[in-house]
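Here is a brief report on one structure.

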Amino acid sequence: MDMKQGSAMKEREPAPAHDSAFVLQRVQPALLGLMDGSVSTLAPLFAAAELTGNAHKAFFVGLAASVGAGISMGLAEALSDDGAVTGRGNPIARGAVTAVATTLGGMLHTLPFLLPSLHAALYTAYVVVVFELIAIAYIRWHFMRSPLGRTVIQVVVGGAIVFAIGMWLGNMGAS
């Protein structure tokens with residue numbers, strides 16, 4: 001074995017082949033939903049926390065944003081195509097997967113706002129958001145075969161931008 005072959009073997013081996021129908025019909029809609037739910041609800045949730053200074057009120061804003069985003073994304077996915085040409089499968093099933101994943105993605109970092117202390121809720125939510133973004137990057141890497149480093153940077157930078165906008169608008173509105 002020459003040096004080229006030896007060094008190539010040390011690189012990450014290709015991800016295991018996944019059934020393309022499973023990826024198109026379940027993983028991709030779920031990933032779309034998780035990404036949208038995790039990122040799109042950050043700004044209203046953290047802006048509400050800054051504006052109200054109240055964890056309970058911020059929770060209900062996050063709940064409304066998560067459920068609303070879930071319904072919207074589920075409908076958008078279900079109505080995007082019937083699956084006949086693209087092979088993406090049953091539109092109702094894809095829409096349901098996307099709706100549930102979107103709602104879940106928004107609710108994970110909303111649940112800490114059930115804590116009575118806004119300070120504790122915010123810091124717990126920060127940690128949850130980091131784990132959400134890492135999980136999304138992992139799913140993209142594992143199923144979509146995206147390069148892990150680039151995926152982490154894309155997801156974390158996107159989430160950080162939305163988070164910063166929410167905090168900025170919340171601070172601006174509170175002053």
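## A threonine and its neighbours

Leaving aside residues up to four places away in sequence, Thr98 touches Pro29, Leu32, Gly33, Met73, Gly74 and Glu77. Thr98 itself is part of helix α5. Is this threonine, Thr98, buried or exposed? Thr98 counts as buried, because its relative accessibility is 0%. The model is a predicted one.

## Overall fold

The protein has seven helices and zero strands. Along the sequence, the pattern reads α-α-α-α-α-α-α.

The protein has 175 residues, and 37% of them are buried. Of the contacts between residues at least 6 apart in sequence, 72% join residues at least 24 apart.

## Helices α2 and α6

Helix α2 covers residues 20-40, and helix α6 covers residues 118-144. Their axes come within 10 Å and cross at roughly 160°. How are α2 and α6 oriented relative to each other? Angles over 145 degrees count as roughly antiparallel. The two helices, α2 and α6, are therefore roughly antiparallel. Their crossing is left-handed.

On the α2 side, the contact is made by Phe22, Val23, Val27, Gln28, Leu31, Leu34, Met35, Ser38 and Val39. On the α6 side, the residues are Glu132, Leu133, Ile136, Ile139, Arg140, Phe143 and Met144. By class, this contact of α2 with α6 has 12 nonpolar residues, two polar and two charged.

## Aromatic pairs

How many aromatic pairs does a search of the whole structure find? The search finds six. One of them joins Phe46 and Phe113 in an edge-to-face arrangement, with 6.0 Å centre to centre and 75° between the planes. This pair links distant parts of the chain, as the two residues are 67 apart. Phe46 sits in helix α3 (residues 42-52), while Phe113 sits in the loop between α5 (91-108) and α6. Phe46 has a relative accessible area of 0%, so it is buried. Phe113 is also buried, with a relative accessible area of 1%.

Tyr138 and Trp141 form another pair, this one tilted. Their rings are 5.4 Å apart centre to centre, with 50° between the planes. Why are Tyr138 and Trp141 separated by about one helical turn? Because they are three residues apart in helix α6. Tyr138 is partly exposed at 43% relative accessible area, whereas Trp141 is buried at 16%. The reason for these two labels is the cut-off: buried means under 20%.

## An aromatic cluster

Which residues form one aromatic cluster? They are Phe46, Phe113, Tyr123 and Tyr126.

Arg145 is not a glycine, yet its phi is positive, at about 60°. Where does Arg145 lie? Arg145 is in the loop between α6 and α7 (148-174). Its relative accessible area is 46%, so Arg145 is partly exposed.

Note on methods:
Residues are numbered from 1 along each chain as its sequence is written. This is a predicted model: local features need pLDDT of at least 70, side-chain atom pairs count only at pLDDT 80 or more; totals for chains, interfaces and linings use all residues. Side-chain values use heavy atoms; hydrogens and water are left out. Axes are lines fitted to C-alpha atoms, for helices over the stretch in contact, and angles run from 0 to 180 degrees between N-to-C directions. Helices (H or I, at least four residues) and strands (E, at least two) are DSSP runs, numbered from the N terminus. Angles under 35 degrees count as roughly parallel, over 145 as roughly antiparallel, 65 to 115 as roughly perpendicular and the rest as oblique. A crossing is left-handed if the near helix is turned anticlockwise from the far one by less than a right angle, and right-handed if clockwise. Contact means heavy atoms within 4.5 Å. Ala, Val, Leu, Ile, Met, Phe, Trp, Tyr, Cys and Pro count as nonpolar, Asp, Glu, Lys and Arg as charged, and the others, Gly among them, as polar. Rings of Phe, Tyr and Trp (its six-membered ring) pair if their centres lie within 6.5 Å; planes under 30 degrees apart count as stacked, over 60 as edge-to-face and the rest as tilted. Buried means under 20% relative accessible area, exposed over 50%, partly exposed in between (1.4 Å probe, protein chains only).
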